[in-house]
Amino acid sequence: MPETKLSPRERVFSGMRPTGRLHLGHLLGALPNWVRLQDEFDCFYCVADLHALTTRFDNTSHMKQDGIEMVADWIAAGIDEDRSVIFRQSEVKEHSELALLLGMIVPVSWLERVPSYKEQIGELGQRIATFGFLGYPVLQTADIILYKARRVPVGEDQLSHLELAREIVRRFNGLYGPVFPQPRAILTETPRLLGLDGRKMSKSYGNTIDIAEAPEAVRSKVMSMFTDPARQRLSDKGHPDRCNVFSYHRFFEAPAAEVDEIDKGCRAATIGCTECKARLADRILAVLDPIREKREALLAEPGRVEAILEEGRSRAQAVATEVLDEACAAIGI
Ligand code: TRP
Ligand code: SF4
């Protein structure tokens, strides 16, 4: 097992909130990035349950199980629990303490102008207009700098949080001395994979396929996908470039010869949508089957994921206590 403390490699930090099952968007977006970064960096991947609490403080019954299943998804998708540190945010108490300390130096006005703050309150209502939710980016900054992580893989929606994290670091270092490096984002290209209905892919639209989706469900969801509306019957000629099924074939890396065959067949009306979708379902299942099997094997072993999280907690905490001590010493407390 790599000894994180002695390693000269730079650290990467990222996290996801345990808010339910991961889907194809994660499988083709964030996760391959996380997997790849393991070759070059010491990666810390965190189940951001405290962040989930900022909006779900009144709906916590699934949070623990969601976290466990999310970790199973990560590992099944290629995150290596030996090379990377996988842990729960709430179990490394230093996150909370550093967030509190940072809270002393972060002007409320900085937090109020984060674009996602007003947006989210607009969407979710005054229920989440709490101290904790306002402090979301402060906690996120604490997450990252507690490991002196320099690189943070995130989607575009998180860039303003990263910018704020850099600002907070500059303020801390200016007040107390150069303790923390300024973290930089590694932008995850969000795959232009749309939801099954052609709208933006989102769990709240119910237009996703989960990583853990049962094979029959994958099949029936694919068979219900929208296609080129011009193809009402088999003899109608289609436009693959206007069809979501066709772009899924591409995202799932159908060989060029098959893409070409579908392209021509659709335009000439020699291949039907039913066949085209059945082939897509096969293609998606060829990717998902081994992942689902690995996930199920992990979850079938009682206590296995908890043990991985415990090991991760201990490795994370070794770094976190040291850095927090350094921060406290710099502050003079
Ligand atoms: N806010 C992130 C999200 O919702 C999750 C997160 C928590 C995170 N802490 C982090 C991401 C630290 C990057 C770095 O996606
Ligand atoms: Fe789309 Fe395939 Fe039907 Fe063409 S044949 S419209 S690509 S589903």
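Trainee: What volume does the second largest pocket have?

Mentor: This is a predicted model, in which local features need pLDDT of at least 70, side-chain atom pairs count only at pLDDT 80 or more, and totals for chains, interfaces and linings use all residues. Residues are numbered from 1 along each chain as its sequence is written, and side-chain values use heavy atoms, without hydrogens and water. On a 1 Å grid over the protein atoms alone, a pocket is an open set of points with protein on both sides within 12 Å along at least five of seven lines, whereas a cavity is a set where a 1.4 Å probe fits but cannot get out. Points are joined across faces, edges and corners, and probe spheres set on them fill the volume, which for the second largest pocket is about 460 Å³.

Trainee: Which residues lie nearest the centre of the second largest pocket?

Mentor: Lining residues have an atom within 4 Å of a point. The second largest pocket has 19 of them, and those nearest its centre are A99, F131, G132, G135 and V138.

Trainee: How many charged residues has the lining of the second largest pocket?

Mentor: Asp, Glu, Lys and Arg count as charged; Ala, Val, Leu, Ile, Met, Phe, Trp, Tyr, Cys and Pro as nonpolar; the others, Gly among them, as polar. This lining has 13 nonpolar and six polar residues, and its number of charged residues is none.

Trainee: How much space lies in the largest cavity?

Mentor: The search of the whole structure finds one cavity of 30 Å³ or more. The space in the largest cavity is about 100 Å³.

Conventions
Chains lettered and ligands numbered in written order.
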